[in-house]
Amino acid sequence: MTTLHNLGFPRIGARRELKFALEAYWKGEASPETLQSLGAELRQRHWAQQAGLDLVPVGDFSFYDQVLDTSFMLGNVPERARDHGGDALDVYFRVARGRSAPAAEAGCCAGGVAAGEMTKWFDTNYHYIVPEFHSGTRFVLDASRLLAQLAEARAQGVAAKPVLLGPLSYLALGKAKDGSDRLALLPELLPVYAELLRLLAAEGVDWVQVDEPVLATDLEAPWHRGFEAAYAAFAGCGVRLLLSCYFGPLQNNAELALRLPVAGLHVDAVAGRDEVQALAARLPADRVLSLGVISGRNVWKTDLTALLDWLEPLAARLGERLWLAPSCSLLHVPVDLSIEDGMDAELRSWLAFALQKLAELRLLGRALREGRDAVRAELQANRDALAARRASPRVHRPEVRAAVAALDADMGRRRSPYPLRAARQAEWLKLPAYPTTTIGSFPQTAEVRRVRAEFKAGRLEEGAYRDAMRAEIVHAVQVQEALGLDVLVHGEAERNDMVEYFGEQLDGYAFSRFGWVQSYGSRCVKPPILFGDIARPRPMTVDWSAYAQSLTTRPMKGMLTGPVTILNWSFVRDDQPRADTCRQLALAMRAEVLDLERAGVRVIQIDEAALREGLPLRRSAWQPYLDWAVECFRITANGVRDETQVHTHMCYSEFNDIIASIAAMDADVITIETSRSDMELLDAFEHFQYPNEIGPGVYDIHSPNIPAREHIVALMRKAARRIPPQRLWVNPDCGLKTRQWSEVIPALEQMVAAAKTLREPA
Ligand code: GLN
Ligand code: ZN
């Protein structure tokens with residue numbers, strides 16, 4: 001009999017209950033007891049919703065982040081967060097969120113505490129708190145949280161399978177603050193893990209899921225040896241280990257995974273489908289093979305019949321040793337499709353969120369145990385839904401396919417090389433040295449958000465809405481002219497989100513009401529659902545930008561989101577390669593670029609904030625991704641005349657290893673978020689001899705502090721030692737929408753003053 005299990009469940013709550021409880025607690029509006037009892041209620045509900053599975057994850061619930069929980073469980077709490085008083089929750093959130101000095105002084109403890117660094121969890125949009133190490137890091141077990149959740153689960157009659165982040169992944173995900181080798185800490189770490197496993201064994205736990213997603217990444221030989229040492233050390237701990245890998249195939253780590261002395265291996269049978277047969281053939285006879293057959297990364301229904309065709313022979317071969325699960329934790333999908341009352345029934349019939357995915361899993365289990373006939377009607381309904389999706393004219397538009405098929409390299413090529421364009425642009429735009437600009441958004445005041453919400457809810461009519469937004473644009477232009485900025489922006493008041501705004505206007509996109517996915521802590525995103533061929537029925541930004549340009553003689557930047565970013569921040573279709581979907585987006589955005597140009601907009605910025613985020617886990621897959629990503633940007637941007645200046649923007653990231661691709665985009669200007677790096681991010685551009693213009697962010701907009709002119713001048717002088725000054729722009733980091741006008745104006749005054757200083761002969 002096939003065992004059914006789950007790797008992890010979303011903890012935020014179908015209606016984001018955890019988010020609201022956390023935020024109330026942080027504001028001091030809810031007691032710790034209220035927060036704790038909400039946590040218990042969510043765990044209880046989520047375990048109940050996983051009923052019918054043979055093993056249910058326990059320990060996957062977290063108030064903030066499962067990696068941070070692991071750090072606390074291992075006693076690896078940064079020194080700076082200890083000894084400030086407060087209870088355990090205080091200490092926990094101090095690491096998660098930091099604490100500013102004034103807030104700390106008002107409360108129980110003195111001094112500010114910097115938050116733990118946050119970074120992306122593999123190739124998802126979830127962010128974890130990076131474990132901090134140094135050569136002297138020592139670990140001490142604190143299993144209280146896990147044991148308490150285990151006791152709770154058992155009291156509820158749950159077939160509990162504790163979930164741990166494995167030691168190698170834990171070390172790999174962390175950072176040694178002193179530059180020491182974090183893998184050297186493994187001998188310190190292993191006894192603590194072993195102690196934990198023995199403790200669980202003493203509690204009568206049978207199976208423990210140990211997540212080692214680093215097995216889906218490139219691992220050097222010392223890490224392989226670390227795996228061998230670790231799992232050999234756990235062999236006598238009295239529990240059975242299910243070693244879990246997800247987010248990709250094992251590839252060259254497969255030998256290692258098969259060799260480790262564990263009782264079972266979970267693999268991602270969606271992303272790694274191709275290697276499953278070989279794994280099954282080579283699996284030692286006493287091992288369980290858990291196949292993650294239902295995608296935990298997208299929102300589509302599984303083709304259950306096709307899956308059964310593939311699974312039945314495997315089930316015959318493996319018998320009881322075959323387990324089935326979602327590919328990874330369901331953390332990365334929304335909770336419940338059935339509460340989506342606003343979505344049309346047809347589209348809904350194609351989708352599955354976490355609860356629906358578990359229903360699919362149960363159905364597969366029944367089909368394998370009792371035969372397909374036992375679930376004949378359900379399988380038929382599943383086939384019908386998928387057939388309707390395959391045949392739907394909403395999904396397939398021949399004219400879009402034809403346009404993608406007709407793409408040729410010329411469409412991605414500017415008419416002249418950069419030096420020639422730069423000369424023409426200088427003549428046309430008449431910009432001074434060190435031109436000043438901002439990255440696009442201006443403060444989204446409560447009033448702006450209210451007006452937008454009223455309009456969306458149908459309580460404000462179009463004309464009144466347009467007038468209100470135009471008034472915002474007028475204000476933004478007046479402020480920028482008074483400041484003396486050189487290239488203006490309209491301020492993005494009409495946008496709540498840089499992807500949703502475009503998704504809402506493109507055909508082929510749908511939106512959920514409750515499709516929230518945790519991004520970090522209490523922060524959730526609601527990725528739009530890209531379900532069909534993409535078409536742009538009408539211009540999306542031209543009215544706003546043309547209006548803004550009509551108010552000033554200075555160049556007004558048209559403001560767009562690039563195709564790669566739109567793709568990477570959406571749930572995308574599973575029935576064609578991502579590259580093809582991206583090309584469709586590129587064609588739609590290209591049409592917008594050309595319409596902006598026609599409407600007299602002379603500078604167009606195309607944000608590619610998430611280009612780097614889309615990098616595959618394996619190095620060998622980087623270049624193919626970068627090739628099509630760059631191609632898509634070029635299709636979008638490069639149809640314009642020489643005089644039209646193309647900008648792109650990227651958020652804070654490591655540029656060194658992708659700089660050639662960034663250069664290949666051939667934007668006339670790139671602005672980057674860089675202030676926190678003290679201009680070090682420019683190294684990559686300097687060493688590569690990046691040929692076009694760059695605007696390094698000169699102040700951190702996340703801080704309410706007003707930057708001093710001298711500080712900006714000093715930063716730019718530093719930049720000018722790396723990049724020829726005639727190719728430098730002066731701008732802040734991105735995200736001014738999160739600040740107040742009263743902070744933005746004085747800060748930009750300093751910035752413009754700094755640019756004037758820079759222009760003076762030395
Ligand atoms: N144009 C956007 C802004 O200025 C860019 C946001 C981003 O980089 N993520 O806010
Ligand atoms: Zn940015």
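**View 1. A nitrogen atom of ligand 1 is placed 2.9 Å from an N or O atom in the side chain of D607.** The model is predicted, so that local features need pLDDT of at least 70 and side-chain atom pairs count only at pLDDT 80 or more, whereas totals for chains, interfaces and linings use all residues. Residues are numbered from 1 along each chain as its sequence is written, chains are lettered from A and ligands numbered from 1 in the order in which they are written, and side-chain values use heavy atoms, with hydrogens and water left out. A nitrogen atom of ligand 1 also lies 3.0 Å from a polar backbone atom of I439, and an oxygen atom of the ligand is 3.5 Å from a polar backbone atom of G735. Polar contacts are pairs of N or O atoms within 3.5 Å; within protein, one atom must be able to donate a hydrogen and the other to accept it, and residues adjacent in sequence count only if both atoms are side-chain atoms. Taken alone, ligand 1 exposes 300 Å², of which the protein buries 89%; these areas come from the Shrake-Rupley method with a 1.4 Å probe, and for residues only the protein chains shown count as cover.

**View 2. The shell around ligand 1 comprises four nonpolar, four polar and two charged residues.** The residues in question are I439, G440, S441, E492, M498, D607, H649, C651, C734 and G735, where a residue qualifies if one of its heavy atoms lies within 4 Å of the molecule. In this classification Ala, Val, Leu, Ile, Met, Phe, Trp, Tyr, Cys and Pro are nonpolar, Asp, Glu, Lys and Arg are charged, and the others, Gly among them, are polar.

**View 3. H649 (NE2), C651 (SG) and C734 (SG) coordinate the zinc ion (ligand 2) at 2.1 to 2.2 Å.** Donors are N, O and S atoms within 2.8 Å of the metal (3.2 Å for Na, K and Ca), and sites may look incomplete because water is not among the atoms. The arrangement is tetrahedral because the four donor atoms around the zinc ion subtend angles of 89 to 128°, the criterion being that all angles lie between 85 and 135 degrees. For comparison, the ideal angle for four tetrahedral donors is 109.5 degrees. Along the sequence the donor residues follow the spacing H-x1-C-x82-C. C651, in the loop between β20 (645-650) and α25 (659-665), and C734, in the loop between α27 (709-720) and α28 (741-759), are 83 residues apart and link distant parts of the chain; helices (H or I, at least four residues) and strands (E, at least two) are DSSP runs numbered from the N terminus. C651 is partly exposed at 23% relative accessible area, whereas C734 is buried at 14%, with buried meaning under 20%, exposed over 50% and partly exposed in between (1.4 Å probe, protein chains only).

**View 4. F247 and Y434 are shown for their backbone phi angles.** Most residues other than glycine have a negative phi. F247, in the loop between β9 (240-244) and α10 (254-259), has a positive phi of about 85° and is buried at 7% relative accessibility. Y434, in the loop between α17 (418-429) and α18 (446-456), has a phi near 45° and is buried at 9%.

**View 5. The side chain of S512 reaches the backbone nitrogen of G515 at 3.0 Å.** S512 belongs to the loop between β14 (507-510) and β15 (517-520), and its relative accessible area of 6% makes S512 buried.

Key:
Four donors count as tetrahedral if all angles lie between 85 and 135 degrees; four count as square planar and six as octahedral if opposite donors are over 155 degrees apart and all others between 65 and 115; anything else is irregular.
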